[in-house]
Number of protein chains: 2
Amino acid sequence: MNSGQTQNSIGSMNYQWAFSLIHYFALQGVTQAVISPGSCSTPLALACEQHPDIHTWVQIDERSAGFFALGLAQQKHQPTILICTSGSAVANWFPSVVEASHSYTPLLLLSADRPAELQDCGANQTMDQSFLFGSHVRDFIALEHVDETLLKSNYLKRISIQAYSKSLNQKPGPVHLNIPFREPLLPRRFTANDLNHFIQRLSQQTMDNATSLFKLSAQSSILTTSISKKSLELLKKTLKTGSGLIICGRLTRQEQSDFTALLPLLADKLNCPVLVDPLSNQRFTTSCHSRFLYNYDHFLKQELKQVQVHTDKNKMTPKWIIRFGQFPVSKALLQYLQSLESHIILVSSYGDCLDPIHKANTILHISPEKFCTQLLNSSIKTCATDWLDHWQQLERHSENSIEQSVKHCSDLFEGHVINCLLRHIPDHSILFSGNSMAIRDFDTFTTQSSAHGKQLNFFANRGTSGIDGNLSTFFGLLANQDGYGVALLGDLSFYHDMNGLLICKQLTELGYNATIIVVNNNGGGIFNYLPQQQLDDFDKLWKTEINLDFQHSAKLYGLNYYQVNTQQELEATLPEAFAQPGIQLLEIIIDQQTSVECHKQI
Amino acid sequence: MNSGQTQNSIGSMNYQWAFSLIHYFALQGVTQAVISPGSCSTPLALACEQHPDIHTWVQIDERSAGFFALGLAQQKHQPTILICTSGSAVANWFPSVVEASHSYTPLLLLSADRPAELQDCGANQTMDQSFLFGSHVRDFIALEHVDETLLKSNYLKRISIQAYSKSLNQKPGPVHLNIPFREPLLPRRFTANDLNHFIQRLSQQTMDNATSLFKLSAQSSILTTSISKKSLELLKKTLKTGSGLIICGRLTRQEQSDFTALLPLLADKLNCPVLVDPLSNQRFTTSCHSRFLYNYDHFLKQELKQVQVHTDKNKMTPKWIIRFGQFPVSKALLQYLQSLESHIILVSSYGDCLDPIHKANTILHISPEKFCTQLLNSSIKTCATDWLDHWQQLERHSENSIEQSVKHCSDLFEGHVINCLLRHIPDHSILFSGNSMAIRDFDTFTTQSSAHGKQLNFFANRGTSGIDGNLSTFFGLLANQDGYGVALLGDLSFYHDMNGLLICKQLTELGYNATIIVVNNNGGGIFNYLPQQQLDDFDKLWKTEINLDFQHSAKLYGLNYYQVNTQQELEATLPEAFAQPGIQLLEIIIDQQTSVECHKQI
């Protein structure tokens, strides 16, 4: 057994170890940490809490904590620390880890672990945490045991640079560090003075020799810098073959940053239509661009029917298509692309071949911004004017048709909700969409006129498109900026992450304001559009009515609650909710049958 | 594109494929399936629902679904099917998978997946599901695409036998089958007649050639059958060296079955004390055995202090120790064992070396039942009578001391709760304990007299000892038997799995009766006993008050709710709750400071 002295030295080293690691992350630019309470993780939690440059959040449910960190990280495209204790706690992160991996969100997963002598022998809260997230992290780093020699070397600095860099560069995503600690976890006594002294010493040490290294690491960027001469020539040749299209899907905040200013210029130069998915974040900009089309889901559905009765195909057949970002939400667009033989150029920032229809002819591993810059500096052929005219006519026609149809549905349905929401949402808000029906409704019902030229930051969990963790992701996005926040999601998604509401109290105390809109159609409305709808077992296995009155959830977590049943109530209540301080829960009761009929009319 | 005929044939094959697999599992003895709704998993969900021998449960949150299945499986030690759709849904199973792995619970994880052509190309709800649970499953089986040749071969039969067998034999645990489906997922039309015809044909086919094979597979057993002659001789020699102890930790239902009758006989024959952990399920039996000791956590704490002041060590120093099952909950017992140099024989049914203190001298890979049988059939030396007497005296003294201390605490604390619960719980109930403080309180406050000779089935999630999924596990245990159910857990554990309460409505409709007792001390009470308690950041990072009024949770899920603040209220309310039909939520408000003081007095 260790003497008291040794024990104290183990505790002290544990703390210094944890603090150093956190400090190195802070030096590289990390500012946020999300902690789920536990014993094993004590040195890490305490180090974050005591570090002057790290803001810590506490969320008890590790699944919600993971998604909260995802939101924090996405908002500024900045690696965010997650901390939890050993055992099944870590496994609760998995849903947010797969979402982070597929949405290119940088996370630093710091799981505490028991030491080697307690592994694989039935010790409490101990399991194999090595490679726990398999292919879904960019790197797994098993830290050595806390050790004085390593502490004095640059070991932790190197580890922190490796982890930070792999989470942010090349292909952003989660990185898992597994960190074993021996007991005692902390020194028996540890005064504020000791801490200050330690911070100073550490800062001095790293200032001396590491500043330049960190600065380099902190400048994250999409790595490839230019299209090769040969590729550019081929590209220009393709663009010469006739008229084409730009399609812009989901982009990370990193991809959006400088690209948003360039895309309209490229559209002008090519004189071509740009189909903008809501998640491209190009629909909600102050200056509305006439070449940007929102309502292709509507008019392509019509066109696809017409193609089958042999109308003029040429008007709708591009010679080439430039695709940015992830594959768009619209199913009509997917089917349309499947029917074409156009030359497709996929601009892929992170090197993934995001092409589920296997139609891309060229994949360029380059950022959208660099791609635009190079093309704008080249001489390229513009599209025919009647080509663009035709697409713009379809857009106007669809916009009119959607708006008329929404007006004519007298019973409250999702079309009214999107419309009313976009009218009243404050400028510069975060707008988060749930998956399943919510994102499809945003895709369908957002028209150029309903978007009102508002500048919004639109988000959704479209990496793996789960109904899990939606509320927590929204809260994370909200917590890492100054503006208002609105989330719109269905009742099943709301139910799935109700535990995430625990953080509302902290957010309210810190002065954040937001409204959560639950479109409650009592069950999985999306399945009404699938063939399962005809089965006898439909209600039990797919529709799954949950019959929950979310008023009680609001009471449980201290949220203001509003219920809306009609168009009139919606028009009166939504602006009222937006005007209240703190976090509001607005439940909109929608009849599933009515909703299906209204959707089908459109 | 496929013709209508081909599409119909794909849909039909998908269904036959899923139904065959489920049917083969049913033939081997599977009776329960837990389904989380989704599109991709449609053929599997429908096959379970339509199979006459499978009872299906629906739980929307896959994390809770996983733990519910864990409970179902543990109750009868029978493999239980889990079904969910592709994407992050599957990742939500992970917490229950690690718990199942470490608690030797057989689960059949059937994840639906998208086909190969949609992998790794940005398709919606698609991710790499291969080897998703790493080392935490007994096997990962990637099923081939649905295929007519394979369907006609015995491919699915072989897969089902492999999966079932690996989940149940040798070392029981979860097995993951990943099952890709192409669209359309179902035939366009499928009548009840078609289904009946198909079931008949399949039954006939399997009856012909597979019955004997399945019967063999269904007879699960712990595989090793005897101690070798040499080992037995060594064992007898060890037992001859002097007096010893038996320690019985957590056992699976499979291990408990025949062992429970044999353990008292072995204790008699060896004339030795048996320290029985609550999870051995040996504390709650009709015939109370005088050699079984419950209160070692109490008297070993005292003894450990005395050893340090040099009392007669010999009275407490066994020459040998026979350990059954997992390492016990009691920390005092752990420290006591660490201080000894006794010869320890670990009886390990599933071959794992469950020895976190590295003290076992012999590990026998044999079931406790077979071990007892062999020893009972051998001539072995009994322990000295004064040895047993001393231990029994300590037990009586501790029992008395615990009961007096509990009586003298006037403010309501956990000791009163355990006492009152054990007095009123119906015989043959399931009793589920949460982790953290709840299990430790059961360990401390269950005395021979407070147990009242009641026969109970005691459970807790002690594989990885998480605070996650506790409610769902309890509901699964409840749902797979006929008796009453009582769960006792803390507020943080209750909060973590509130989504699990969604299944209460189904359980109530089916006539199940249970009471959930939440000991609400507003935060992580266990951390009060750790050194972190002295830190300034204690309240934020460890205690983590959640300030939730669970009355609202009860309302949300339609549970009867009771709140208790004093001993008198507890005595009046608990029997009232137990007498009500359906599921009751009883919240016991406990002051954390009072509770700590009462615990420390004892």
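In the predicted model, the side chains of A:Arg63 and B:Asp61 form a salt bridge with an N to O distance of 2.7 Å; a salt bridge is a side-chain nitrogen of Lys or Arg within 4 Å of a carboxyl oxygen of Asp or Glu. This pair crosses between chains, linking A:Arg63 in helix α3 of chain A to B:Asp61 in the loop between β2 (55-58) and α3 (62-76) of chain B. Helices (H or I, at least four residues) and strands (E, at least two) are DSSP runs, numbered from the N terminus. Between chain A and chain B the count is 4 salt bridges, and over all chains the whole structure has 28. A:Lys540 also forms a salt bridge with B:Glu49, with the closest N and O atoms 3.1 Å apart.

This is a predicted model, in which local features need pLDDT of at least 70 and side-chain atom pairs count only at pLDDT 80 or more, while totals for chains, interfaces and linings use all residues. Residues are numbered from 1 along each chain as its sequence is written, chains are lettered from A and ligands numbered from 1 in the order in which they are written, and side-chain values use heavy atoms, with hydrogens and water left out.

Contact (heavy atoms within 4.5 Å) joins 81 residues of chain A with 82 residues of chain B. The area buried between the two chains is about 6,500 Å², of which carbon and sulfur atoms give 58%; buried area is the accessible area (1.4 Å probe) that two parts lose on being put together, summed over both. In chain A, the residues that lose the most area to chain B are A:Tyr495, A:Leu541 and A:Leu556, together 10% of what that side buries.

Within chain A, helix α3 (residues 62-76) packs against helix α5 (residues 94-102) at an angle of about 25 degrees, with the axes 7 Å apart. Axes are lines fitted to C-alpha atoms, for helices over the stretch in contact, and angles run from 0 to 180 degrees between N-to-C directions. The contact is made by A:Arg63, A:Gly66, A:Phe67 and A:Leu70 of α3(A) and by A:Pro95, A:Ser96, A:Glu99 and A:Ala100 of α5(A).

Chain B contains an open sheet of 6 strands in the order β14-β13-β15-β16-β18-β17, with parallel pairing; two strands pair if DSSP finds at least two bridges between them. Its edge strands, β14 (457-460) and β17 (560-564), each pair on one side only. Strands β16 (residues 514-520) and β18 (residues 583-589) of chain B run parallel and are joined by 7 bridges.
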